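Biologist: Let us go through this model together. I will ask, and you answer from the coordinates.

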Amino acid sequence: MKILYGMQQPDEGTITIDGERAVLNNPGDAIALGIGMVHQHFMLADNLTVLENVVLGAEKLHGIGGRARAKIKEISDAYGLNVRPDVLVEELGVADRQRVEILKVLYRGARTLILDEPTAVLVPQEVDALFDNLRELKAEGLTVIFISHKLGEVLSVADEITVIRRGTTVGTAEPASTTPRQLAEMMVGSELPTPETEESTVTDVPMLTIEGLHLGQTDLDGIERVILDKVSLTIHKGEVLGIAGVEGNGQSELVEAIMGMRHPDAGTITLDGADISQRATRQRREAGIGYIPEDRHRHGLLLEAPLWENRILGHVTEKPNSRGFLLDNKAARADTERIVASYDVRTPGIDVTAASLSGGNQQKLIVGREMSHAPKLLIAAHPTRGVDVGAQAAIWDHIREARREGLAVLLISADLDELIGLSDTLRVMYRGRLVADADPATITPEELGSAMTGAATGHLEHAEDDAR
Amino acid sequence: MKKLTSRIDKERLLLGIAAPLLAIVAALVITALVILATGKNPGPAFSDMMTYGFASDSQVYILNKATTYYLAGVSVAIGFRMNLFNIGVDGQYRLAAFFAAVLGGALTLPGWLSMLLILICAMATGAVWAAIAGVLKVTRGVSEVISTIMLNSIATAIIGYLLQPGKLAHLYQGGTVVATKPLPSASHFFLINAGPAGELDGFIVIAAIVGIAYWFVLGRTRFGYDLRTVGQSESAATASGVSVKKMVVTSMIISGAAAGLIGMPTLLNESYQFSSDFPTGIAFTGIAIALLGRNNPIGIALGALLWGFLERTTNHLEFQGYDKEILGVIQGVIVLCVVIAYEVVRRYGLKRQQQKVGAELAAQAAAPTKKLEVA
């Protein structure tokens, strides 16, 4: 993928575009040949408007003023992207940002679109909308490369499927004649794991209690936006509480409020009977919160530091990383070796930088680190995003393991199958409020999806009786 | 597995040394071309630099110069490790030296006590001056680059105002020199007698202690880890529980306190008073040296020695008929080359490591493993 976009050079092999051999030395070459890439980690400047982001680097195409705005409108309307050119990117939710990314690529006249895990951030309804867009693009003669871990989606949208595992093509398949199971077996080389928990381990001892959490933010126009509105929830020991919701509805802020990275205007947070509302992030971590952040590159890792220094991150005050005010590098290194071995982090050693590991292995390292300090509460925000199927199964196992050991787990995910499969209790978050709850044993992703768009509230019942 | 780890380590070390070496070689080549362009032969110039630079009196001179430069490099490097560009080291050390000189001139305590007070005064002045920039940054979002540049000018103005006869200074040498009251000889720092080569500033000991403290605090303490974390990723630091704002102010204060020491070798070992010709601009040398030494305590020491060596030897070149401006050329070219070489080597290293990890994992996967891939 990086090679195709000119970000890396292949050692051997050829790329043929439109029947012509192409040499891609940099992304500029790729763009010139009509290849456009929508990255999994968005490449947008937060403090610029949508318009500015789109024209950035492509000023020569349609200028930076009215003509560019008109062109953006035109593309946006043509594919139903619904992009507003003058909004600051920092004010957009993740789904909107993705649309801006797609628009950016189309604006540059791309004929071949590479989409890296585009649906990870969308609800089912939005995924359908995206697929409609893709079909429209296809109808106009554009080529789309759709990279995904989600088999159902690949099967429904693709005309041809190529399975890549550990850097080699293991096979191609026709969607019409392939079942998800067959595809999955090609991907992992074995049986597909499913995220299902065994018998309930929920106790009635509350571990985390949140009461009336309120967080408002005044934007540049002086208008107060409510980000978290009277959020109250309780997670018991041995319970996985899943929060469903379209991204940008306050889930990240809720997590950051629990971690002490944001300061809510009102409300209390109680962990294991102790009020931690006023404590600093470090004290909360020491009190027993394990944190798997949604954006591991920004919040979970020091990319250019070796693995063993990353093992210290967030737990510098705890054993085995330090004794008193001094670091204990030796013990930290030894413990990193242990994590690497027992969490199956695939790496040649603990001195390589975190950046050189794959996403799945980075995530396994983070999970290992957070589980190594006897947490009482584990916050897992999108724990399997951008992670290969093997690592995904391992991470699910660790979350189940945590639950068995009596941890309270707050699970936030955009993968509804994951949420339904792992959670004991489900809540739906919409515009900063917990608007609905559901029983994961009976609910379907579609029903959950409608609550995520605000269409349904209250207790969601599986609509068996009136549908059939 | 073990073997591979050590190999990567060795390679990293090699890459670490490669960058400055590459830069210095490139700088020498470019300098040679410049000398050639002025119609002179670079060969004798370089050989004169070597013979003169390694003479024993030159060595003492270089060490004395390097002491000051080392302190400057470390002060700047503390900021660099935090991703803070403390350009204000210049104002911090001059103001610190000035007030320390005033205090030292007024004290009539036993030598060791007054020396201690002078050092504390210098470090406190530097720290306070740097803290202003730190507080402005975290409370008002003012870039530390801008505020410290301005604080440099303000420091110059304050010193200019107070360094007048009748204020805190007096006229000396028949009214030709304006300076603070000289320190009593009891508060002179010790000198190391190096025989006919001259006297070595005793302050070199303090500089070494500062270097060791820098290494120890950054590499071996929790505080140092937090500081490095903020430097590498503010968002990850926040999530890990470091208060970035507190860290910005703290590290500015430490950087300023270290900056306060820069003027001390001059004050306590050489001039014994602050006059209008007290050396200025050393902090900018410090920036170059911190870059050259890669913020590494030993690297900074080598950089400081190199700078001293270049200054000493190019001065002498003037007597051999070369232009002394060649110093500026060499220094400028080195700094440029260093910045470029580091980036090139860093990217190369990162890419190589990624390839290695990939190759290693592919080899692991290819080998028939007993372990099932997915549980």
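**Questions on the two chains**

Modeller: Helices here are DSSP runs (H or I, at least four residues) and strands are DSSP runs (E, at least two), numbered from the N terminus. This is a predicted model, in which local features need pLDDT of at least 70, side-chain atom pairs count only at pLDDT 80 or more, and totals for chains, interfaces and linings use all residues. Residues are numbered from 1 along each chain as its sequence is written, chains are lettered from A and ligands numbered from 1 in the order in which they are written, and side-chain values use heavy atoms, with hydrogens and water left out.

Biologist: Is B:T285 buried or exposed?

Modeller: The classes rest on relative accessible area: buried means under 20%, exposed over 50%, partly exposed in between (1.4 Å probe, protein chains only). B:T285 has a relative accessible area of 16%. That value is under 20%, so B:T285 is buried.

Biologist: Which residues does B:T285 contact, leaving aside neighbours within four places in sequence?

Modeller: Contact means heavy atoms within 4.5 Å. With the sequence neighbours within four places left aside, the partners of B:T285 are B:Y69 and B:W307.

Biologist: What does B:I334 touch, not counting residues up to four places away in sequence?

Modeller: B:I334 is one of the residues with the most contacts inside the largest core. Its partners, with residues up to four places away not counted, are B:A23, B:A27, B:L292, B:L306, B:W307 and B:L310.

Biologist: What share of the residues of chain B count as buried?

Modeller: Chain B has 14 helices and 4 strands. Its C-alpha trace spans about 90 × 55 × 35 Å along its principal axes. Among contacts in chain B between residues at least 6 apart in sequence, 74% join residues at least 24 apart. Of its 375 residues, the buried share is 50%.

Biologist: Why does B:N83 count as exposed?

Modeller: B:N83 lies in the loop between α3 and α4 (89–106) of chain B. It has a positive phi of about 70° although it is not a glycine. B:N83 is exposed because its relative accessible area is 58%.

Biologist: Is A:D272 exposed or partly exposed?

Modeller: A:D272 also has a positive phi, of about 50°, although it is not a glycine. Its place is the loop between β11 (266–271) and β12 (274–275) of chain A. The relative accessible area is 35%, so A:D272 is partly exposed.

Biologist: Which residues does A:D335 touch, not counting residues up to four places away in sequence?

Modeller: A:D335 lies in helix α13 (residues 329–342) of chain A. A:D335 is buried, at a relative accessible area of 13%. Its partners, with residues up to four places away not counted, are A:R311, A:P320 and A:S372.

Biologist: Which residue does a cis peptide bond join to A:P320?

Modeller: A:P320 lies in the loop between α12 (307–312) and β14 (322–323) of chain A. Omega of the cis bond is about 5°. The residue joined to A:P320 is A:K319.

Biologist: What distance separates the C-alpha atoms of A:E401 and A:D29?

Modeller: A:E401 is in helix α15 (residues 389–404) of chain A. A:E401 counts as partly exposed, at 34% relative accessibility. A:E401 and A:D29 are 372 residues apart along the chain. Their C-alpha atoms are separated by 48 Å.

Methods
A nonpolar core is a set of buried Ala, Val, Leu, Ile, Met, Phe, Trp, Tyr and Cys residues joined through side-chain atoms within 4.5 Å.
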